[in-house]
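Please look over the chain shown here before any of its coordinates are used. The notes that follow are meant to be read beside the sequence and the model.

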Amino acid sequence: MSGRDPFCPPRRLGRGAALTLVFASVLVAGAATGALPGDGRGAAADRARAAAPTSHPEAVTRAAEEAMAAGKSPLEAAERAVSRSGDRWAAVYSEGEYEEFEESLDGRYTGVGLEARRERDGRIEVTGVQSGSPAAAAGLRAGDRLRSVDGKAVDGRPVTEVVSLLRGDATDAPAGTTVRLGLQRGTRAWTETLRRARLSTDSVTVRRLAGGVTVITVAAFTKGVGDAVRTAVHRAPADGGIVLDLRGNSGGLVTEAVSTASAFLDGGLVATYDVEGEQRALHAEPGGDTAKPLVALVDGGTMSAAELLTGALQDRGRAVVVGSRTFGKGSVQMPSRLPDGSVAELTVGHYRTPSGRTVDGTGITPDLETGDRALERAETVLSGLGDAS
């Protein structure tokens, strides 16, 4: 499992399991709730999470209104109503938390610029350092071991929890606050104090492998990702093939996932979904590249919008999917503004792949299942696809 500090658990972790994935699984249901691009707050609010019984927005809103009339906390009342609903992935956010969601979907966050993953032995290893970040200025680099954050040992902790410590979520730490890291490089161990900053994410990275294979890595579906992928596909050599790396991609805006699908498809169905019983559909734009051989790399950290995209490419016969079974998180939620400005997001439906498969609770099974050396396996598959074309 890996993580980057813009996407992390929210504050007040005691509010339930749903909240442990805040910033890690931003909703994907922009079109589902009628919040289309250009509808700033609504578009940022539209997300999808794992299967759960649907909640009743009216009941949650009523509980919040009654609490406010009685001089009590509407947010806490809404949390209790959501807890009683049985909607596992519903969540209630303060106004400030919700604003951070919107910023994260714009690719902005407060942090130090580290990417990390947990190794099999529980160690936390730095896998990337964002250029221009506090971590980069301090000379941190991929391969460094992160041993502690503000004196708290991190070995064995979930990466999302480590990321939360880096961001200072428990204290609502703003840019300019400091965080002390315990680090190790080889036999050298040292402590580094960094000052958090406002940073922008690079959700799409592109690199060229020997033999002309282009690897397009999409970390999350923030705004502008679809256009960035289209540009990368257009620039990729015609005979080298493309690996679309969605490993660890925890979701994002559905509009960006559909736009990314449009880079590889010439129109047609991407997914269907229901919202309170009403069936709707998402379609790719025409004109995508359907000629370059394509492999999609996935793993257990591939969630939500990334699963929607993977299912579309697999069902449409556009990509060979390589890796391990994806997370299985495919429900649609709608945001409801509460009287005090907080927001409740409640499950209202689920999406399906073009062939009608349900992703919720099952995930996407790769065409070729592999754990270690997945990228090498992807290259081998691409060479076969190239020979067959």
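The briefing below begins with the chain as a whole and then takes up confidence, strands, a helix, backbone angles and charged pairs.

This is a predicted model, with 10 helices and 20 strands in the chain. Of the 389 residues in the chain, buried residues make up 54%. The accessible surface of the chain comes to about 15,800 Å², and carbon and sulfur atoms hold 47% of that surface. Among the contacts in the chain with a separation of 6 or more, 69% are accounted for by residues 24 or more positions apart.

**Confidence**

- The chain has a mean pLDDT of 82, and 85% of its residues reach 70 or more.
- Over residues 1–55 pLDDT stays under 50, although the model has 210 contacts beyond four places in sequence for this stretch.
- Among the elements of the chain, the lowest mean pLDDT, 32, belongs to helix α1 (residues 40–45), whereas the highest, 98, belongs to strand β13 (residues 242–245).
- Where pLDDT is low, the predicted coordinates should not be read in detail.

**The six-stranded sheet**

- Six strands make up an open sheet with mixed pairing, and their order is β11-β12-β13-β16-β17-β20.
- The edges are taken by β11 (204–208) and β20 (368–369), and because each has a single partner strand, one side of each is left without a neighbour in the sheet.
- Strand β17 (residues 320–323) and β20 run parallel and are joined by two bridges, and G323 has E369 in β20 as its bridge partner.

- Helix α9 (residues 305–315) is mostly covered, since 10 of its 11 residues are buried.
- The buried residues of α9 are A305, A306, E307, L308, L309, T310, G311, A312, L313 and Q314.
- S304 lies in the loop between β16 (294–298) and α9, and its phi is near 50 degrees, which is a positive value in a residue other than glycine.
- S304 has a relative accessible area of 0% and is therefore buried.
- Just after α9, G317 also has a positive phi, of about 70 degrees.

- D150 is placed in the loop between β6 (145–149) and β7 (152–153), and its phi, near 50 degrees, is positive although the residue is not glycine.
- With a relative accessible area of 36%, D150 is partly exposed, whereas S304 is buried.

**S336 in strand β18**

- S336 is part of strand β18 (residues 331–337), and because its relative accessibility is 16%, it counts as buried.
- When neighbours within four places in sequence are left aside, the contacts of S336 are P57, S342, V343 and A344.

**Charged pairs**

- Side chains of opposite charge can pair when their charged atoms come close.
- The count of salt bridges comes to 11, and the pairs described below are among them.
- E161 and R157 meet through their side chains in a salt bridge with an N to O distance of 2.4 Å; E161 is partly exposed, with a relative accessible area of 29%, and R157 is partly exposed as well, with a relative accessible area of 22%.
- D245 and R247 form a salt bridge in which the closest N and O atoms are 2.8 Å apart; D245 is buried at a relative accessible area of 7%, whereas R247, at 32% relative accessibility, counts as partly exposed.

Note on methods
Residues numbered from 1 in each chain as written. Predicted model: local features only at pLDDT ≥ 70, side-chain atom pairs only at ≥ 80, totals over all residues. Heavy atoms only, no water. Helix = DSSP H or I, 4+ residues; strand = E, 2+ residues; numbered from the N terminus. Buried < 20%, exposed > 50% of the residue type's maximum accessible area, 1.4 Å probe, protein only. Contact = heavy atoms within 4.5 Å. Pairing = 2+ DSSP bridges. pLDDT = per-residue confidence, 0-100. Salt bridge = Lys/Arg side-chain N within 4 Å of Asp/Glu carboxyl O. Areas by Shrake-Rupley, 256 points an atom, 1.4 Å probe, with all protein chains shown as cover.
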